[in-house]
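Student: Could you go through this one with me, a bit at a time?

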Amino acid sequence: MKVYTKTGDSGTTALFGGTRVPKHHIRIDSYGTVDELNSHIGLIRDQQINPNYKKILERIQDRLFTAGAILATDPEKSVLKNGKERLNIPKISDADVELLENEIDAMETELEPMTHFVLPGGHTTVSYCHIARCVCRRAERLAVHLHELEPTDAMVLTYLNRLSDYLFVLARKLSHDLQADEVKWMPEKL
C-alpha cells in the first residue's frame with residue numbers, strides 16, 4: 001500500500017465509510033486536532049518521567065486513536081447493511097474516563113492546593129504538557145462544534161474534557177517531581 005493516493009489532490013478526503021468531504025470540514029479538523037494532540041502526548045511520553053506516567057500516556061494515546069476513528073466516521077455510514085457497526089473496536093467508555101479521574105486524584109494527593117492560576121513553563125517537559133493541554137481543549141471545542149452539527153459519540157466529548165484536566169494536573173505533578181518552579185499568576189494592580 002502506498003502512502004500517497006493522489007485522491008486528495010483536489011482538496012477533499014474520505015471519511016471512514018467512503019464519504020468525501022473538503023479537507024477543511026469540521027469533522028476533519030476535529031479528528032486532525034485529536035491526532036495533533038496524540039503527537040504532543042507522544043512527546044511527553046518520550047521525556048524522562050515516571051514509568052507509570054508513560055504507561056498511562058500510552059493508554060491515552062490508544063484511546064485518542066479510538067476517538068479519532070469515531071470522529072472520522074460518517075454518522076450516516078456508521079452502521080453496515082448487515083446491522084453491525086462499521087467501527088468494530090472498543091469505544092471510549094466510562095472506565096476510560098474513570099482512569100483519568102483516578103490518576104488526577106492520585107496526583108493531587110501529593111500537590112499543594114491551587115490558590116492561583118499557574119503560568120505554563122518551568123521545565124521543558126512541563127511546557128510540553130501545557131501545550132498538550134491547550135491542544136486538547138481545542139480538540140474538545142472542535143468536537144463539541146461537530147457534535148452540534150452532526151451528533152457523535154458524547155463519550156468522546158467527556159473524555160477530551162477530562163483529559164485536559166488530567167494534562168493540567170500532570171503538568172503540576174511534573175513540576176513537583178522535577179523540582180521546577182511553578183510560577184503563580186499574580187495580576188498587576190491598577
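Student: Which residue follows α5, and what is its phi like?
Tutor: Helix α5 is followed by Q179, which has a positive phi near 55 degrees; helices here are DSSP runs of H or I with at least four residues, strands are runs of E with at least two, and both are numbered from the N terminus. This is a predicted model, in which local features need pLDDT of at least 70 and side-chain atom pairs count only at pLDDT 80 or more, while totals for chains, interfaces and linings use all residues. Residues are numbered from 1 along each chain as its sequence is written, and side-chain values use heavy atoms, with hydrogens and water left out.

Student: What caps the N-terminal end of α5?
Tutor: That is D153, with a side-chain oxygen lying 2.9 Å from the backbone nitrogen of M155.

Student: And how many of the residues in α5 are buried?
Tutor: Of its 24 residues, 17 are buried, so the helix is mostly covered; buried means under 20% relative accessible area, exposed means over 50%, and partly exposed lies in between, using a 1.4 Å probe and protein chains only.

Student: New topic: how many disulfides does the structure hold?
Tutor: It holds zero disulfides, a disulfide being a pair of cysteine sulfur atoms within 2.5 Å.

Student: Is C136 buried or exposed?
Tutor: C136 is buried, with a relative accessible area of 0%, whereas C134 counts as partly exposed at 42%.

Terms used
Polar contact = N/O pair within 3.5 Å; in protein donor to acceptor, adjacent residues only side chain to side chain.
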